[in-house]
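Dear colleague,

Please find below the structure that I am handing over to you. My notes on it come after the display.

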Amino acid sequence: MDAVELAPESAIRYTSRATSLQPGLSYAESLVPFVGTRTLMKFFVDTADVEEIRDLAATGLLDGVTTNPSLVAKSGRDVFEVLAEICDLVEGPVSGEVTAIEHDGMVTEGRRLRDIADNVMVKVPLTWEGLKACRTLNQAGIQVNVTLCFSPTQALFAAKAGATVVSPFVGRLDDISQDGMALIQDIRTIFDNYEPLTTEILVASIRHPMHVVEAARIGADICTVPPQVMRSLASHPLTDKGLDAFLADWGRTGQNILEQ
Ligand code: E4P
């Protein structure tokens, strides 16, 4: 698929897609507006394990981190200490979740979490109280991740409340025989109807690489991925097999690139 700029002064890009070519249409007539997200999908890691985050951050491919109360509990660490360490390791947003369930408590906790570092994104649950807290925190200039989203209407309200990101949980929907990725498609379609809506879709509760592939096909903004799934995304057995064969053949030549 080749993308071409028709008018340099225009922000609209056009592309020729095989699926759009119609008999009798010229190349120019077959051009359709390029549909794509503004930036490449971002990758967050979903963990409070500092060593995992350090290792993945070293790749330069990590755009942020999400945690939740269960992940902090699993780390066995103090929430303030562990979030501070994570915020030192990554430049991007680090979600830390409130545990109060009413507005005032959520806002107070959110402000405390935000005091840890500038890149803390406060996570609130998708309840009425959470939506109210989202609005308050957003008006105070604090980035908010509205989490535990399971329906398109919940996502709409999160956007309306000023969420920086909304987190639909695909794996937990799949777990109860509902189509998690269909929810992502619904939210993408709805959000795209209302530009310049800026709330980003953060695909959460990812269980396997195909969730990531589908999220990218749909044009989700961010995937938050467990460390083991993140590592699997760049691996393929044929890559390993191919590399082994190349190096075995190369070894037989007796050559060394640095000694030629
Ligand atoms: C996202 O922010 C959540 O922490 C996470 O993706 C939940 O995933 P789970 O359903 O695997 O617990």
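The notes below cover the model as a whole, then its strands and helices, a loop residue and the ligand shell.

This is a predicted model, in which local features need pLDDT of at least 70 and side-chain atom pairs count only at pLDDT 80 or more, while totals for chains, interfaces and linings use all residues. Residues are numbered from 1 along each chain as its sequence is written.

Overall composition

The protein chain has 12 helices and 11 strands; helices (H or I, at least four residues) and strands (E, at least two) are DSSP runs, numbered from the N terminus. Of its 260 residues, 31% count as buried. A residue is called buried if 20 or more other C-beta atoms lie within 10 Å of its own, exposed if 12 or fewer, and partly exposed in between, with C-beta atoms placed from the backbone. Among contacts in the protein chain with a separation of 6 or more, 50% come from residues 24 or more positions apart; a contact requires the C-beta atoms of two residues, placed from the backbone, to lie within 7 Å.

Strand pairing

Strand β4 (residues 42–46) is largely enclosed by the rest of the structure, because four of its five residues are buried. β4 pairs with β11 in the parallel sense over four bridges, where pairing requires that DSSP find at least two bridges between two strands. Within that pairing, Lys-42 stands opposite Ile-222 in β11. β4 also pairs in the parallel sense with strand β5 (residues 64–66), over three bridges, and Asp-46 has Thr-66 in β5 as its bridge partner. Together, β4, helix α2 (residues 50–57) and β5 make a right-handed β-α-β unit. Right-handed here describes a path from the first strand over the helix to the second that runs clockwise with the strands pointing away from the viewer.

β10 is joined to β11 by two bridges, and these strands run parallel; Leu-202 stands opposite Ile-222 in β11. Strand β9 (residues 165–168) pairs with β10 in the parallel sense, again over two bridges, with Val-166 opposite Ile-201 in β10.

Helix α10

In α10 (residues 209–218), the residues His-211, Val-212 and Ala-215 are buried. These three lie on the same side of α10, because they cover an arc of only 100 degrees around the axis, the arc being that of the directions from the helix axis to the C-beta atoms. Their cover includes α8 (170–175), α9 (180–192), β10 (200–203) and β11 (222–225). On the face of α10 turned away from its buried side are the exposed residues Met-210 and Arg-217. Gly-219 follows α10 and has a positive phi, near 95 degrees.

A buried loop residue

Val-98 is found in the loop between β6 (94–97) and α5 (103–114). Val-98 counts as buried because it has 23 C-beta neighbours inside 10 Å. Leaving aside residues up to four places away in sequence, Val-98 touches Met-106, Glu-109, Gly-110, Val-122, Lys-123 and Val-124. The C-alpha atoms of Val-98 and Val-122, 24 residues apart along the chain, are separated by 7.2 Å.

Ligand shell

The residues surrounding the ligand include Asp-46, Thr-66, Ser-167, Arg-172 and Thr-224; a residue is counted if its C-beta atom, placed from the backbone, lies within 6 Å of the molecule. By class, the shell has two nonpolar, seven polar and two charged residues. Ala, Val, Leu, Ile, Met, Phe, Trp, Tyr, Cys and Pro count as nonpolar, Asp, Glu, Lys and Arg as charged, and the others, Gly among them, as polar.

Yours sincerely
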